[in-house]
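Please examine the sequence and the model shown here.

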Amino acid sequence: MIYTVTLNPSIDYIVHVDQLTIGAVNRMKNDLKLPGGKGINVSRILRRIDHNSTALGFIGGFTGDFINEWMERETIKTNFTTVADDTRINIKLKAHEETEINGQGPRVSADEMAELKKVLANLTSADIVVLSGSKPASVPTGFYQELIEIIKAQNAAFVIDTTGADLMDALEKNPLLVKPNNHELAELYQTTFNSVEDIYPFGQRLLDEGAQHALVSMAGDGALLFTKDGIYRSNVLKRPVKNSVGAGDSMIAGFVGNFTKTQDPVEAFKWGVACGSATTFSDDLATAKFIQELLPEVQITQVKSF
C-alpha cells in the first residue's frame, strides 16, 4: 500500500477577478473550492492512474468534512486523524497576477500527534509512505524525523517532499525519493545555478548523502532524475501553462505509482513528467485521459552515466 501524509491540509479557495483593487469592493468572476495539501494531491493523482493509496494526516471541523467528502467521491481511501480545530482555508486570488493567502493551520495536540504515529506503527515492509508539505505551526520541529523513525522501524520505504532542515535530516534515512526543485536545491546547499549542468553535482550530492533517487524539477527547463546508474533529463512538453499548484505532487505520484509496479526509475520518471506536465496544463489536477495523451511525448535522455 502507498500511504500519503499531509500534516497541514487545506481547502484551496480559488477566486478569479478581472481586476483587484485594494481597499474597494471586488466582484468575483468565478470561484472554485478544492481539497488542498501536497499528500492529498499525490493520492488524487495516484487514483487517476489506477493506483490505490490511503491518505493520512490531520483534519478537523467543517473544512475537514469537505475534504473527507471529496476524497470519498473520488473513491480514495482515507484514515485521517481528527483534530479539534478546523482545517485551514488557503485563498488563491487570481487577477492579472496570482496572490496567495495561506492559513496557518489548526492547533494539533500531543494526543492527536500520537494517534497519527499509531497508524504508522502498523506499516509493513511492503508499504511506501509519501511525506509531503509543511507542518502546522503547533507541530514541533523534528516531527517529520519522528515519523521517519517509525516508518523505518517497520522496514517500510518513504518519500519526502519538503525543504530545508527537514529534507536534509531525512537524507541519512535513505528515502526512496526526494524531489526539490532547482531553487530549493540551491537553497539547501547555499549555492546558485547558472546552467542545468551546474545542478549535476548537487543532485548527485543528494544521493551521496543517502537518497536512493532524486528528482529535480526545473520548470521551463524540464526535470532531472539522479540514480546510482546516472543522470537523466526530460524534454519540455509544450502546452499553455494554466496551473502550478500540484504539479510537483503529480510528478511524485506518477513516479511512485509506476515504480511500485516496475522498479524501473527511468520509466517511473517518464510517468512522473507526464503527470506533472498534465497538471501544469490543467485548471485542477490532471485527468487520467490527459496524462495518457502526454505520455508518448515524454522523452528521457541519459546525460551522464556512473
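The following paragraphs describe a predicted model.

The UniProt record, an unreviewed entry, places the feature "domain: Carbohydrate kinase PfkB" at residues 10-281.

In soluble globular proteins, nonpolar side chains tend to be buried together. Here the largest nonpolar core comprises 45 residues, with Phe-58, Leu-131, Ile-160 and Leu-224 having the most contacts inside it. Beyond its neighbours within four places in sequence, Leu-224 is in contact with residues including Val-196, Tyr-200, Ile-231 and Phe-269. A second, separate core has 36 residues, among them Ile-2, Tyr-232, Ala-268 and Phe-281.

Helix 3 spans residues 110-120, and its buried residues are Glu-112, Met-113, Leu-116 and Leu-120. Viewed down the axis of helix 3, these buried residues fall within an arc of 100°, so they line one face of the helix. Ala-110, Asp-111 and Lys-118 are exposed on the other side of helix 3. The cover over the buried residues includes strand 1, strand 4, strand 6, strand 9 and helix 4.

The whole structure contains 17 salt bridges. In one of them, Lys-38 pairs with Asp-161, with the closest N and O atoms 3.2 Å apart. Because Lys-38 lies in helix 1 and Asp-161 in strand 10, the pair ties together parts that are 123 residues apart in sequence. Lys-38 counts as partly exposed at 30% relative accessibility, whereas Asp-161, at 5%, counts as buried. Another salt bridge joins Asp-166 and Lys-135 at 3.0 Å, N to O. This pair links helix 5 with the loop between strand 9 and helix 4.

Notes: Residues are numbered from 1 along each chain as its sequence is written. This is a predicted model: local features need pLDDT of at least 70, side-chain atom pairs count only at pLDDT 80 or more; totals for chains, interfaces and linings use all residues. Side-chain values use heavy atoms; hydrogens and water are left out. UniProt positions are given in the numbering used here, feature names are shortened, and annotations may be inferred rather than shown by experiment. A nonpolar core is a set of buried Ala, Val, Leu, Ile, Met, Phe, Trp, Tyr and Cys residues joined through side-chain atoms within 4.5 Å. Buried means under 20% relative accessible area, exposed over 50%, partly exposed in between (1.4 Å probe, protein chains only). Contact means heavy atoms within 4.5 Å. Helices (H or I, at least four residues) and strands (E, at least two) are DSSP runs, numbered from the N terminus. The arc is that of the directions from the helix axis to the C-beta atoms. A salt bridge is a side-chain nitrogen of Lys or Arg within 4 Å of a carboxyl oxygen of Asp or Glu.
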